[in-house]
Structure formats: structure tokens, C-alpha cells
Amino acid sequence: MNELLIIASPDLMAERQAWLDAIAGERRLSPLTVEAYERDTRQFLHFLTAHAGGPARLSDLSALRPAGLRAFLASRRREGVEARTLGRGMAGIRSFLRYLERKGLANATGARAVRTPKQPKSLPKPLSSEQALLVTSDLGQLAEEPWIAARNAAVLTLLYGSGLRISEALGLTPADFPPGARTLRITGKGGKTRIVPLLEAAVEAVSDYRKSCPYAIAADQPLFLGARGGPLQPAIIQREMQRMRSALGLPDNATPHALRHSFATHLLSAGGDLRAIQELLGHASLSTTQVYTGVDAKRLLDAFERAHPRAG
């Protein structure tokens, strides 16, 4: 903080501290996020001071233009800072400038006009076939009450067997499972409807859950219920997967959404058509689905490195 007294005027310093207090208290951002934003804005003030030839002032922020922010990003790039860190830094600077703008002390237009650095696409992280089968089986469930264990198994089986998002699985009703059904009609993002397979294993898992559930489930109400009979919340399944990671020695990427990734990756590995997988996942664009080809290629290369006698 002593360093900042040299590079920023007292009134700017006071406003910056008030903003940090506000995001920590009123907005309740995590301490790590507040610490990161403090560091990002400190680096920004360093940059302004170097260009202004003296301590940064509120008037410097008020006169800030997109070119100045782009120059700051370029300087950070030259220092080797990655796009993800730059994006977070811009988020903090924008937040600070909007705070000052609301008080009539600065203009945040320039910050809004600057594009956040493009984030590198990270590959989805599916589970192995063995891990996916374990978390969707009765043997993998940790809940003490049998009906809750059956419920969890049914939800997870639908995520893996039909490639559902967790919100889609928890939005299903008994009416979605008429006798003899082998497909599900799912309404996903943007109201887009798609037809997905309903495996025999999923039918059996849902049936086992319904037989053991102690609550009456109306045909047009959510199928999956919480311990007290209300609609099941996604956080419950997410916490259950967290418990399973610890108890079963699963990797950190073992999450409910990883089962959807596993659905797509395992289909592709078995020779599934990319456009068919796009339809099953409900992706609006084929380019979104194509990321799984990168996953499959990486898995093949990993297997090659482990198995080929000349790979070492």
C-alpha cells in the first residue's frame, strides 16, 4: 500500500479502497477475488503513472480512452501474462471504473469498448468408461437411505446415458416416461427441443427410484425429489459427486457435467457420427461439438504413448 501512495493521488487511493471495501462487503466477492482485483488495479495504476509521469489522478481515469486500455493490455502481454489473467484483470478494472462512473468521477465508456482478450478453449474432461459406470451404478452410491441412493443413481445414469445437462434431468416429470418409452423429448437451452435415447439401464434406474421414493409424485411435477419432498436441487447432486470423488478415488474432473462430456466422448470413440452427437447434445453449432474430436485425439495419443514400444 505504501507503493500506491507514490503512484496514485490520495483521493484516487481513497476511492479505490472504498471500492475494494464495497465489493468485499456489499457484493460479498470471495477474498481471493478481492485480492486479485486489488492486484490488477494496482498494476493498472502503475501503468498510468509511468505514462503520465506522476501519480495517477482521478482526472486521468476520467479522460481514459480505449487506446490507453489497449496499451495496458499490450504491456501485460509483453510481460508474458496469459489471456485468462488479462480477462480477469479487465473485469476488475471495469468494475472499478463503473464504481467511479456512478459517483460522477470517471468515464467507463472506454473500458466497455475494449474487448476482453479471447480465452483459450480448454478441452472437456470426460471420465473413463469404468469411472462413468461406477458413479452411475448402485455400488457407487454413498447415500445411507436406499431411496436417495436410487434417486442419485437414476439422475447420474440419465446424465451419462442420454447426455443430459443436470438442469434438463431435474426438469423431467413422470409424464416423460410413458410405458415402453425408449426416447426422451428434451427442451434445452434457448427452448430448443431434441430427442435423446433412453437406455434400458436408465429406465430401470428411474423405475427403482420411483418404487422406493416415499413421496407421491404427480405426473406433471418434477420427477426427482429432495429429502423433504421438494424439487431436487442441482447442488445436491453436485455435492454427492464431490463425496464420491473422495470416497471412490475419482479425479477432480468427476462432476455431473463430466458425465455429459463422457457421453459425447465415448460415442465418438465408438465411431459415432459428429452431427448425430451434435443433435443428441442439443448444440446449436457443429463447432461446439467438434471440441470432442480434440478430446478423442488426445486420448488416442495418450494410449499410443503408453503402449507403443518406441514411444518412450
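Because the model is predicted, local features need pLDDT of at least 70 and side-chain atom pairs count only at pLDDT 80 or more, whereas totals for chains, interfaces and linings use all residues. Residues are numbered from 1 along each chain as its sequence is written, and side-chain values use heavy atoms, with hydrogens and water left out.

**Helix contact.** Helices (DSSP runs of H or I, at least four residues) and strands (E, at least two) are numbered from the N terminus. Helix α9 (residues 146-162) packs against helix α12 (residues 234-248) at an angle of about 95 degrees, their axes lying 11 Å apart; axes here are lines fitted to C-alpha atoms, for helices over the stretch in contact, and angles run from 0 to 180 degrees between N-to-C directions. That makes α9 roughly perpendicular to α12, a term that covers 65 to 115 degrees. In the contact (heavy atoms within 4.5 Å), Arg-151, Asn-152, Val-155 and Leu-156 of α9 meet Ile-236, Ile-237, Glu-240, Met-241 and Met-244 of α12.

**Cavity and pocket.** On a 1 Å grid over the protein atoms alone, a cavity is a set of points where a 1.4 Å probe fits but cannot get out, while a pocket is an open set with protein on both sides within 12 Å along at least five of seven lines; lining residues have an atom within 4 Å of a point. Grid points are joined across faces, edges and corners, and a volume is the space filled by probe spheres set on the points. The count comes to 1 cavity of 30 Å³ or more. The largest cavity is lined by Asp-40, Gln-43, Phe-72, Leu-73, Arg-76, Thr-85, Leu-86, Gly-89 and Ile-93, and α6 gives the most to this lining, with 4 residues. Of the 18 residues that line the largest pocket, Leu-133, Thr-136, Thr-157, Ala-201 and Ala-202 lie nearest its centre.

In the table, Ala, Val, Leu, Ile, Met, Phe, Trp, Tyr, Cys and Pro count as nonpolar, Asp, Glu, Lys and Arg as charged, and the others, Gly among them, as polar.

| Space | Volume | Lining residues by class |
|---|---|---|
| Largest cavity | about 60 Å³ | 4 nonpolar, 3 polar, 2 charged |
| Largest pocket | about 390 Å³ | 10 nonpolar, 5 polar, 3 charged |

**Loop residue.** Pro-179 is found in the loop between α10 (166-170) and β1 (183-187), and Pro-179 is exposed, with a relative accessible area of 82%, where exposed means over 50% (1.4 Å probe, protein chains only).

How values were computed: Buried < 20%, exposed > 50% of the residue type's maximum accessible area, 1.4 Å probe, protein only. Parallel < 35°, antiparallel > 145°, perpendicular 65-115°, else oblique.
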